[in-house]
Amino acid sequence: MSTSNENDGAAPQRITVVGTGYLGATHAICMAILGYDVLGVDVDPGKVDRLARGDVPFFEPGLPEKLAEAQATGRIRFTTDFDEAADFGEVHFICVGTPQKPDSYAADLRYVQSAVRELASRIHGDALIVGKSTVPVGTAADLAELADEVSPEDARIEVAWNPEFLREGFAVDDTLHPDRLVFGVASEQAEATLRDVFSPIVDEGVPVLVTDIPTAELVKVAANSFLATKISYINAMAEVCEATGADVDSLSAALGLDDRIGSRFLKPGLGFGGGCLPKDIRAFRARAEELGVGDAVAFLAEVDAINIRRRTRTVDLIRELVGGDLAGKRVAALGAAFKPNSDDVRDAPALDVARLLYLEGAHVTVYDPEANSNAHRAYPDLDYADSLEEAVVDADVVALLTEWSEFREASPASLEEAGAHPRMVDARDVLDQEAYVAAGWEFRALGRPAPQAGRVAARVPAH
Ligand SMILES: NC(=O)C1=CN([C@@H]2O[C@H](COP(=O)(O)OP(=O)(O)OC[C@H]3O[C@@H](n4cnc5c(N)ncnc54)[C@H](O)[C@@H]3O)[C@@H](O)[C@H]2O)C=CC1
Ligand SMILES: O=C(O)[C@H]1O[C@H](OP(=O)(O)OP(=O)(O)OC[C@H]2O[C@@H](n3ccc(=O)[nH]c3=O)[C@H](O)[C@@H]2O)[C@H](O)[C@@H](O)[C@@H]1O
């Protein structure tokens, strides 16, 4: 492995990005912003039409403005046509989904396989296919073989891997100013091409790690597994706190002030969800088992289990607050997205809690500032409100499940005024417990002791 920021040669000018979802649309738009001519390719004509009209089909702060900026330069187009895509790009980025298979923990690789097959079977001359999707180690080698099998005789295709670390909600900034770039390559030429393509970012001083391809594939799943482990670690501590009357927020603050531990990703609460961390730790386990090293990452099963237990614990707290039986009780579920500043409900803990409440007979009204329509598509049986005020009308209990600032900023008085009974479960540990208790609310939070008269309230420094 080498690490340096050297760059030589002229950058390729034309780039295709295959798959224009959260990752691909962001990557395509940012590549155009960096000055490349970009063609975004997707099999979903609805998505392609919307992007072509300048309409980002999901919620991502700042991305619509960047799309408008890119379109104004005439440097970005979108298509469903693979003939055009194969002909257009000198470098082809693969950004299609790698979801969990419906019947196992493994990653479903049919979309990356199809993308490479469609592209490679139409390529003539030299081309570099660069995977950005998150894949099990060994996938790139299989895809290189597939490209070789299906491509015309005059094609010279190389495969490289450039894993992506962006976070939803910060996608543009993370793409243009990443912590690091990882280039998994099998040749100096592929390395030089990637250095050229990313030179505007590399020139800003962003570290580049050049590795072999399996290492690059693994870096990504190892990073997401570490982040998931950190969250489940603090949530495991929350379980212990609940059994002892200790306060996990104070515990987390004290741990996080140790530089060796660090405070980021140590926020206790309802746990992780989304289109990546949950499926990535499961796919990693599945791949490690295939490789005969399942024991090495067996702890990820516990990371997953701790995470899921936060959801049932939240339901327990809500049930307890309404007197032990959820049947017929009205619950205002604040939040559906897997985290604030996203409309993504894939494996969303908030929505899962709403579903579990519904299954126990509760009347659940969900409100999320951005994710209502995605949530409705996923769970049409739940009720959806158009505003926070509408969601809490007559609610027997209010549950804060995604920590949108709108919910953090609402006062206990305003919720009561809107018609809520004064019972709150704060599943994200973000509300001012003392203010709610002072206003006469019954209040429960994950990992924090129930308020008692005379108890010294924990004072946690901001982190
Ligand atoms: N969402 C995120 O923040 C990040 C995602 N990733 C990884 O990126 C990959 C994509 O994730 P998302 O963008 O979230 O998924 P997504 O589901 O939003 O987007 C995937 C897109 O690929 C398209 N697609 C499927 N098959 C295709 C084909 N054969 N040809 C062309 N397009 C095709 C789909 O229509 C869809 O628009 C996954 O491997 C994920 O783990 C990595 C880093 C960040
Ligand atoms: O592979 C991916 O797709 C991406 O997955 C995560 O990004 P993302 O899923 O957008 O969201 P995060 O900010 O990482 O949050 C993930 C989940 O963990 C939860 N979380 C996060 C931090 C924390 O301290 N506690 C906690 O419960 C969030 O509520 C959320 O549900 C990683 O942070 C990205 O680096 C990675 O590129």
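Domain bounds here come from an automatic or database domain assignment. On that basis, the protein splits into domain 1 (11–211) and domain 2 (225–445), with C-alpha centres 33 Å apart. What you're looking at is a predicted model: local features need pLDDT of at least 70, side-chain atom pairs count only at pLDDT 80 or more, and totals for chains, interfaces and linings use all residues. Residues are numbered from 1 along each chain as its sequence is written, while chains are lettered from A and ligands numbered from 1 in the order in which they are written.

**Where the domains meet**

- Domain 1 puts 15 residues into the contact and domain 2 puts in 14; two residues are in contact if their C-beta atoms, placed from the backbone, lie within 7 Å.
- On the domain 1 side, that makes 10 nonpolar, four polar and one charged residues.
- To read those classes: Ala, Val, Leu, Ile, Met, Phe, Trp, Tyr, Cys and Pro count as nonpolar, Asp, Glu, Lys and Arg as charged, and the others, Gly among them, as polar.

**Around the ligands**

- Ligand 1 is surrounded by 26 residues, with Gly19, Gly21, Leu23, Ser133 and Thr134 the closest (a residue is near a molecule if its C-beta atom, placed from the backbone, lies within 6 Å of it).
- Sorted by class, the ligand 1 shell holds 11 nonpolar, 10 polar and five charged residues.
- Ligand 2 has 21 residues around it, and Glu168, Lys267, Phe272, Gly274 and Cys276 come nearest.
- Helix α10 (residues 213–244) supplies the largest share of the ligand 2 shell, three residues.

**A helix pair**

- α10 also packs against helix α12 (residues 277–290) at about 115°, with axes 9 Å apart (axes are lines fitted to C-alpha atoms, for helices over the stretch in contact, and angles run from 0 to 180 degrees between N-to-C directions).
- Val221, Asn224, Ser225, Leu227 and Ala228 of α10 meet Leu277, Asp280, Ile281 and Phe284 of α12.

**Binding sites on record**

- UniProt's unreviewed entry lists "binding site" at Asp42, Lys47, Thr98, Thr134, Glu168, Lys279 and Arg346; positions follow the numbering used here, feature names are shortened, and annotations may be inferred rather than shown by experiment.
- These span 305 residues in sequence, and their farthest two C-alpha atoms are 23.5 Å apart, so they don't all gather at one spot.
- Thr98 sits in the loop between β5 (91–94) and α5.

How values were computed
Helix = DSSP H or I, 4+ residues; strand = E, 2+ residues; numbered from the N terminus.
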